[in-house]
Amino acid sequence: MSWRARLDELGIELPGVAAPVAAYVPAVRTGSHVYTSGQLPFVAGALPATGKVGGEIGQDEAKGYARTCALNALAAVDALVGLDSITRVVKVVGFVASAEGFTGQPAVVNGASELLGEIFGDAGVHARSAVGVAELPLGAPVEVELIVEIG
C-alpha cells in the first residue's frame, strides 16, 4: 500500500505547503534524506492559537497542534519529492513554547510521533527530541521538524 493510500484509509488530507515566514524553504533534499524546516501548526494559513503550553494552551490542545505541525511537515516533503518516496521517518524534533515549570514536552510532541506511527507503521518509528523553549515564531505554541529517508 502506498503512503498516499494509507492517508486516504485514515481519512487524513495533507494541507497545502505552509508559506515560509522568513528566508528559507520548507524542505531540502540531500542524498537520500529530506530535512524539513520547522513547521508551525498553520491551518489555512493562520495559527489556530498562540501562547505558552502550560499557560494559555493546555497540554492536550498542544498535542493536537504538534499533529498539525507534522502534517505540515509531510506536506513539505510531499511537495518536494512525493510522499510515496518516503522509506522511513528518521527523526522528529519538537519545540514547545513552555510556561514556567511546564515539563510535559514529550507528551506534547507525541502528537507528531503518534501521527507518524499511524501513517507509516514500523517505518514511522523514529529518534526524537522534545525541547521546551521560551518563545516560538509568531507566538506559536509548537514547532516540529522532520528528517525522512527516501528511496
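Predicted model: local features only at pLDDT ≥ 70, side-chain atom pairs only at ≥ 80, totals over all residues.
Which elements do the buried residues of H2 pack against? Residues are numbered from 1 along each chain as its sequence is written, and side-chain values use heavy atoms, with hydrogens and water left out.

**View 1. Helix H2 and its packing partners.** Strand E1 (27-30), strand E2 (33-36), E3, H3 and E5 are the elements against which the buried residues of H2 pack. Helices (H or I, at least four residues) and strands (E, at least two) are DSSP runs, numbered from the N terminus. Buried means under 20% relative accessible area, exposed over 50%, and partly exposed in between, with a 1.4 Å probe and protein chains only. The buried residues of H2 include Ala62, Tyr65, Cys69, Asn72, Leu74 and Val77. H2 has 23 residues, which at 1.5 Å a residue should span 33 Å, and its end C-alpha atoms are 33 Å apart, in agreement. The expected span is 1.5 Å times one less than the number of residues in the helix. Just after H2, Gly82 has a positive phi of about 90°.

**View 2. The largest nonpolar core.** A nonpolar core is a set of buried Ala, Val, Leu, Ile, Met, Phe, Trp, Tyr and Cys residues joined through side-chain atoms within 4.5 Å. The largest one has 38 residues, and Leu74 and Phe120 have the most contacts inside it. Helix H1 (3-10), helix H2 (59-81), E3, helix H3 (105-120) and strand E5 (142-150) each give two or more residues to this core. H2 supplies the largest share, 10 residues. Another core, of 6 residues, lies apart from it, with Ala18, Leu40, Phe42 and Leu136 among its members.

**View 3. Surroundings of Phe120.** Contact means heavy atoms within 4.5 Å. Not counting residues up to four places away in sequence, Phe120 touches Trp3, Leu74, Leu83, Ile86 and Val89. Leu74, one of these partners, is a buried residue of H2.

**View 4. Val96 and Ala97 in strand E3.** Val96 lies in strand E3, and Ala97 is placed in that strand too, which covers residues 86-97. Val96 counts as buried because its relative accessibility is 0%; Ala97 counts as buried at 2%. Leaving aside neighbours within four places in sequence, the contacts of Val96 include Val53, Phe102, Val108, Val109, Val131 and Leu136. With residues up to four places away likewise not counted, Ala97 touches Gly51, Lys52, Val53, Val133, Leu136, Ala140 and Pro141. Val96 and Gly54 are 42 residues apart in sequence and 10.0 Å apart in space, C-alpha to C-alpha. Ala97 and Ala5 are 92 residues apart in sequence, with a C-alpha to C-alpha distance of 34 Å.

View 5. Ser98 is found in the loop between E3 and H3 and counts as buried at 14% relative accessibility. A polar atom of the Ser98 side chain lies 2.9 Å from the backbone oxygen of Val96. Leaving aside neighbours within four places in sequence, Ser98 is in contact with Lys52, Val53, Gln105, Gly132 and Val133.

View 6. Asp78 pairs with Arg4, the closest N and O atoms being 2.6 Å apart. This pair links distant parts of the chain, with Asp78 in helix H2 and Arg4 in helix H1, 74 residues apart. Asp78 is partly exposed, with a relative accessible area of 23%, and Arg4 is partly exposed at 32%. Glu114 forms a salt bridge with Lys63, with closest N and O atoms 3.1 Å apart. That pair also links distant parts of the chain: Glu114 is in helix H3 and Lys63 in helix H2, 51 residues apart. Glu114 counts as partly exposed at 39% relative accessibility, and Lys63 is partly exposed at 27%.

View 7. Arg6 forms a salt bridge with Glu9, the closest N and O atoms being 2.2 Å apart. Both residues lie in helix H1, 3 residues apart, about one turn of the helix. An α-helix has 3.6 residues a turn, so residues three or four places apart point the same way. Arg6 is partly exposed, with a relative accessible area of 21%.

Conventions. Polar contact = N/O pair within 3.5 Å; in protein donor to acceptor, adjacent residues only side chain to side chain. Salt bridge = Lys/Arg side-chain N within 4 Å of Asp/Glu carboxyl O.
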